[in-house]
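Hi,

Here is the structure I promised to pass on.

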Amino acid sequence: MTLPDTISHTIPNALTIAGSDPSGGAGIQADLKAFSALGAYGTSVITALTAQNTRGVAGVHPVPADFIAAQLETLLADVRLDAVKIGMVASREVAEVIRDALTRRRPRWVVLDPVMVAKSGDVLVDDAGIRAVREVLVPLADLVTPNLPEAAVLLDAPAPVDRAGMLAMAPALRELGAGATLLKGGHLRGEACPDLLVTAEAASWVEGARVDTSNLHGTGCTLSSAITARLARGDSLTAAVASAKAWLGTALAESRRLDVGQGHGPVHHFHAWW
């Protein structure tokens with residue numbers, strides 16, 4: 001695999017702000033793997049420790065907001081960051097800490113993956129956490145990447161069941177204040193997995209085939225981090241989304257080579273090398 005030399009003078013730096021996944025398929029671990037696979041140096045700020053594996057989450061231990069602030073301030077005082085990905089945030093205090101830190105030392109790109117709904121359909125954060133994501137973090141983001149259930153939670157509306165519904169939801173998502181939205185269509189029925197990229201200028205479909213695999217652990221984390229890495233390397237938003245989606249499709253297809261856990265396994269982030 002040859003990475004385009006879009007930034008020739010230096011390797012870009014990317015930051016993930018998210019929780020830790022001991023099984024390595026989601027959260028901080030997936031983000032750092034995606035950054036590395038796509039040519040960005042990865043840094044991290046941990047918002048929560050979890051006890052989880054490929055079969056589910058057994059416990060969550062949040063990191064106190066003041067220590068998240070300390071991690072951010074220490075890192076930002078020293079390291080130039082070209083792009084930041086924000087994952088699951090469950091409290092308004094933490095959301096405001098992240099917003100304040102990134103406003104003072106804003107990188108070129110901020111990507112928000114609003115992790116609020118589990119694959120089981122369970123909502124992972126309470127109403128206060130949902131409001132914090134909607135009111136504090138979405139307006140901070142250059143790109144927000146909800147799947148259909150997450151978009152429904154953000155808007156307190158039914159989830160779309162087809163492309164027409166996705167298009168109809170686009171204006172309301174834009175009104176939340178993000179620079180752009182990638183509405184992910186993986187929950188639609190059928191052989192295709194279309195995503196809808198909505199910017200201030202246009203709405204466009206990013207097509208992809210459905211991969212026949214149960215190794216879906218961390219796909220949302222991985223896609224948003226892959227986009228972040230490509231933006232850090234200098235891709236346009238449209239090019240970064242298309243490149244990241246194509247890369248994830250191959251990572252899903254090659255996940256059959258991994259043997260990790262007994263539930264929903266991870267994608268193969270390093271399929272190009274091993």
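A word on naming before we start: helices here are DSSP runs of H or I with at least four residues, numbered from the N terminus. Please also keep in mind that this is a predicted model.

With that numbering, Asp 156 sits in the loop that links helix 5 (148-155) to helix 6 (163-174). Its phi is near 50°, a positive value in a residue other than glycine. Most residues other than glycine have a negative phi. Asp 156 is also exposed, with a relative accessible area of 71%.

The largest nonpolar core holds 46 residues. Ile 17, Leu 72, Ile 86, Ile 98, Leu 102 and Leu 137 have the most contacts inside this core. Helix 3 (residues 92-104) supplies the largest share of the core, six residues. Leaving aside residues up to four places away in sequence, Leu 137 touches Ile 86, Val 89, Ala 95, Ile 98, Leu 112 and Ala 132. Another core, of 30 residues, lies apart from the largest one and includes Ala 40, Leu 223, Ile 227 and Leu 248.

A pair of cysteine sulfurs would have to be within 2.5 Å to qualify. The sulfur of Cys 193 has its closest cysteine sulfur in Cys 221, 17 Å away, so the two are too far apart for a bond. Both residues are buried: Cys 193 has a relative accessible area of 14%, and Cys 221 has one of 15%.

Best wishes

Key: Residues numbered from 1 in each chain as written. Predicted model: local features only at pLDDT ≥ 70, side-chain atom pairs only at ≥ 80, totals over all residues. Heavy atoms only, no water. Buried < 20%, exposed > 50% of the residue type's maximum accessible area, 1.4 Å probe, protein only. Core = buried A, V, L, I, M, F, W, Y, C linked by side-chain atoms within 4.5 Å. Helix = DSSP H or I, 4+ residues; strand = E, 2+ residues; numbered from the N terminus. Contact = heavy atoms within 4.5 Å.
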